[in-house]
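This report describes selected features of a two-chain model. The sequence and structure are shown first.

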Amino acid sequence: MASLNINGKEYQLDVPDQMPLLWVIRDVLGLKGTKFGCGKAQCGACTVHLDGVAIRSCTTPVSGAIGEITTIEAIGNDPIGQRLQKAWLDLGVPQCGFCQSGQIMNAVSLLRQNPAPGRDEIIHAMSGNLCRCGTYNRIIAAIQRA
Amino acid sequence: MESGPKDRLQIANVSRRRFLTGLAGAAALVIAARWDLVETAEKRKYGAEGMPGGYTDNPNVFIHIDPDGTVTVVNHRSEMGQGIRTSNAMVIADELGADWDRVRVKQAEGDHSVYGNQYTEASRSMRQWFDPLRRAGAAARQMLEQAAADRWQVRLSEVKTGVHEVWHEQSGRKLGFGELAEAARTLEVPDPASLILREDHELRFIGRESGLINGVLETSRPKAIDGEGIVSGTAVYGADVPFDNPLYAVIARPPVYGAELGRFHESDALNVPGVLKVVRIEGAGLPAAFNPLGGLAVVATNTWAAMQGRKALKIHWDYGPAEDNRSYTSSAYREILEARAQIPGEVIRKEGNFSKAMEGAHQRISATYYMPHLAQTPMEPPVATARVQKGNAEIWAPTQNPQATRTKVAERLGLDVTNVTVNVTLLGGAFGRKAKPDFAIEAAAIAQWFEGRPVTLQWTREDDLQHGYYQTVSLDHLEAGLDERGRATAWLHRSLSPSTMSLLKADFEHKSKVEQGMGFNTTPFDIPAILLENPPATAHVRIGWIRSVYNLPHAWAIQSFAHELAIAAGKDHRAFLLEMLGEDRKISNRSVGDTYNYDEDPAIYFIDTGRIRGVIDRVAAESGWGKEMPRGRGLGLAFHHSFGSYAAVVFDVEVSEGGSLTIHRADIAFDCGPQANPERIRSQLEGACIMGIGVALLNEVSFENGVAQQDNFDRYRIPRMNNAPREIRIHLVENPDEPMGGVGEPGLPPVAPALVNAIYAATGKRIRRLPVGDQLKG
C-alpha cells in the first residue's frame, strides 16, 4: 500500500513498494504526460517534481516518493511553469514533443534554484534530458526568455 | 521544364503564383506537353500520383466546415516532429481563407482508398502534397463563393473571399463560412482546371517567415496545432490513448537475428504479481521482412509487471536457424568489407577510362571511410495498442505507415483489411523506425488472446537497440588522380553496404536502385573518368533505415574525400569543390543511371549543379569562409543534394591540446525551391544539425556474435545539450520557381563530413572511421 500526493491529490494505492513512480503515474493513475524513454535515468523523459525538485520517476520506487509530487499536467499552475510553457510556444521549441514535458519539468526545477541561469548553467542542468529531434538550441533560448 | 506531365506542370505554375490552368493558352500548352510525353513513351506516374494509393485533391475529403464556422482539416500524413499537422492545415487554410483560430485538425485513419497515399517517409509530404492540398483549399473556397452567389443571385465573379467570410463587392453583403457551409456541401466539386489559386500577395501563411530566425524572434506565426498539448502533457502519443481496463505487454525476442524460441517455463513469469498470461509470438523465419521476430510476450496489468515477468523468464533460444548471423562481429565484418573494397565490384556508373586516367595522373590519392550501424532511437520507443473484438481489429499506433500496418495486421489475424482500423497517434519521433509495422502486428497478435480488451505492447529502450531495424553499416573506398594543375581527372568510388532489400531477400548483396540513387550514382562532379562500383555485402541483422538513409554514408565518404583531394591539390576547399562541379548544368538523373530520383519526374527534377553552387556560395558568405582562424580552430565545409533539395554546411570548431572538441557554430544553407512553412524548415535543419553531430561523434551500434552491444543511452550515445553548437544559423535560399524539394532529411547528410572536415582544419587530423569518439584524444 502506497500513499501518494500527486498534483495536490491524495491517493492510497495497492502497488508494490519497488514499482517505479513512472508506471504508477502512467498505468495506475492514467496521467500520460510523463513519458517512458529509457527506464534507467538516462534520458529525462520521465521527469517529475518531488517537493519542487526534478527527479527521474522511472528509477524512483513509489515507496521513495514521499512528499508532494508534481507532473507536467499541473505545472501550468506554477508561475515559472507557465512562463516556460509560453516561451516554449513562442519560440516553437517542440518538434515531435515527446521529451518536452520532461524538459519543461527539469527547466522549472532549474529556474526555481537559479532564476537567471547563464548558458553554461543551463547546459549543465539540462544535459540529462535527451531530445532526439535536436531542439537544444531553442530550449536554451526559451529558458533564457522565460 | 515544359515537358512534365500535367500535374507537375501545375506545381511549377503554382510556384510562380500563376493561374493554375485557368487560361486557354496555358491549358493548350499543358495538353501539348502531355502529348509530347506520350510520344516519348513516358507513361510512369510521379510524385504523389505515382505512390501506392495515389492522391486525392477532393475538398470533401480534407475539409469540413461546421455551421458554427469551425473548419476541420483532416490530416492524412503522420506527425513525427516535422510539423506536418500544422503545415498541411496552413496550406489549406491559406487557400481557403480560414481564420487560423477557427481551424482544427483531425488525424485521418489509415485508408488510402479515401485519403490517397499516407506513407510518411522520404521527405515527401509537402513535396508531393503541397499542390493537391492547395487545390482542395481553393476548391472549397470556390464552393463557398458559389453558395454565396446562389444565395444573393449574383454572378460568381462578383463574389470575393475575405478571412473566414465571403462578400459581395457591389452591395457589401457578407456571409460567414459557417452560414454557407450547408449549402456549399451540396454543390459539385469544381473541376481542378477551373480553380484559381491565390496570388502571392494574398497569402498569409504559405512561404511567410516567422518564429525564431537565427536568434531573433520575428512576428507571431500561426500557432502550432499540437503546441499546447505538448507543453501541458495532454498530447496523445502511442502509449497515451486512454482505455478502460487495458492490459500491458512486453516481448522477449531472440538475441540473434533468426534464432527461435526454445524451452522456457511460463510459470517463472506467471509467478510475478500482476502477470496474467504468457503468449507465444510466431516469427516469420528469415528474412523477417516487416514481420515480428517472434518470441514470448508477457501480459500484465501494468507495464512494469510485464517487464518484471519477462526478466524472470529463463528462455533457451534455438540458434540453429541463425548460425550464420551468430558469427556476426562488427570488427571482423569491417575487415571483410575492407578486403572486398580492394577488388573491383559491380559497375554502377562508368565514364571515361579510369585506369588510363590514373596512369596519367600527376598525383594519386586513395582513402577508405567507415560508418557503423546506427539506431534511430526515437525518444518514444515503438509501442502500439490493439483491440480485437468480434472479428474486427483496431490499432492505435505511432506509425509512419498506417496502410502497411492495416494490411499486415489483417494478414496476421486472417481478417479482411476492411475489418481493421488503424488510428495514427502522434509519433514521439520516428526517423524511419516507425515505417515498419512489426510492433503493431505484435500488439495485434497478443490482443487476439484477450477478446475485446485493449493490449498495449511496449518496447523498452533495450528492445529498441537490441532488436532494431538498423541503418546499414558502410565502407566506402575512393581513389582519385590529379593533374599537374591539381585538377581531378579520375574518380573511383567503391561503396559497400548491406541492402535494405535483404529484409525481403536474404541473399540480396548489392545496393538497390533506390540506394544507388541516394547520393552514389548521382555524384555531381565533372571529372573526365568516373568509375562507381558496388562490391557485395551480406546482411546479418535487419537492415532498416534512418533519416536520409544511404545518403548518409555516401555523403560522408564523398565529401570527406573531396576535402582530402583539395588538400592534396593545395587548393581552397570551396574553390576546389566548385572546380570539380564544373559549369552550372542540369544533369539528368537518367543519364547517370538513377531511375529512383525520389519518385519524381526526371523531366522536372534534375541534379542541378548551379543550385549546389548556390548553397556553397551562400554558406561560404554567411560563415566567413576563408577568414584567418586561430590555432586549434578551423572551418569545415560539405554539401549534398537529396530528396530534391540542396544543402551546404560549414562548421566552426575548436580542438584543445587534450583533444576536447568545442563546436562554436554551424551555418547551413538550404535550397528546397518553394518554401511552404519556413519556420518548420528551420527547425528541421536545426534538428538535422544535432542529429548529424551524433552521427559524426557518438552513434554506433556494434555486434559481437550477432548480439548488439548497446542497449541503452549510456552505451548508445546520442547528442546531449552539451554537444550542441553554441549557435546554429540557417540560411534559406530563395528559389521559388524551382520544383519543391523535401525538408526532413536532406539537411542531415552533409553535417557529419562538414564536422569531420572542420576537425581536420583545426588539428590536421583526418578521421576516416565514425564515430569520432575518442580518436581526438592522445
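The model is predicted: local features need pLDDT of at least 70 and side-chain atom pairs count only at pLDDT 80 or more, while totals for chains, interfaces and linings use all residues. Residues are numbered from 1 along each chain as its sequence is written, and chains are lettered from A and ligands numbered from 1 in the order in which they are written.

B:His731 belongs to strand 30 (residues 727–732) of chain B; helices (H or I, at least four residues) and strands (E, at least two) are DSSP runs numbered from the N terminus. Apart from neighbours within four places in sequence, the contacts of B:His731 are B:Arg618, B:Val619, B:Glu622, B:Asp667, B:Ile668, B:Ala669 and B:Phe670, a contact being a pair of backbone-placed C-beta atoms within 7 Å.

## Interface between the chains

Chain B contributes 49 residues to the contact and chain A contributes 48 residues. On the side of chain B, helix 9 (227–232), helix 11 (303–312) and helix 21 (678–697) each give two or more residues. Helix 21 of chain B provides the largest share, seven residues.

This side of chain B comprises 24 nonpolar, 16 polar and nine charged residues. Ala, Val, Leu, Ile, Met, Phe, Trp, Tyr, Cys and Pro count as nonpolar, Asp, Glu, Lys and Arg as charged, and the others, Gly among them, as polar.

## An open sheet in chain A

In chain A, five strands form an open sheet of mixed pairing, in the order 2-1-5-3-4; strands pair if DSSP finds at least two bridges between them. Strand 2 (9–13) and strand 4 (53–56) of chain A are the edge strands, each pairing on one side only.

Strand 3 (residues 47–50) and strand 5 (residues 68–70) of chain A run antiparallel and are joined by two bridges. A:Leu50 has A:Ile69 of strand 5 of chain A as its bridge partner. Helix 3 (residues 100–113) of chain A packs on the sheet and touches strand 3 and strand 4 of chain A, its direction making about 35 degrees with that of strand 3; angles run from 0 to 180 degrees between N-to-C directions, with axes fitted to C-alpha atoms, for helices over the stretch in contact.

Notes:
Two residues are in contact if their C-beta atoms, placed from the backbone, lie within 7 Å.
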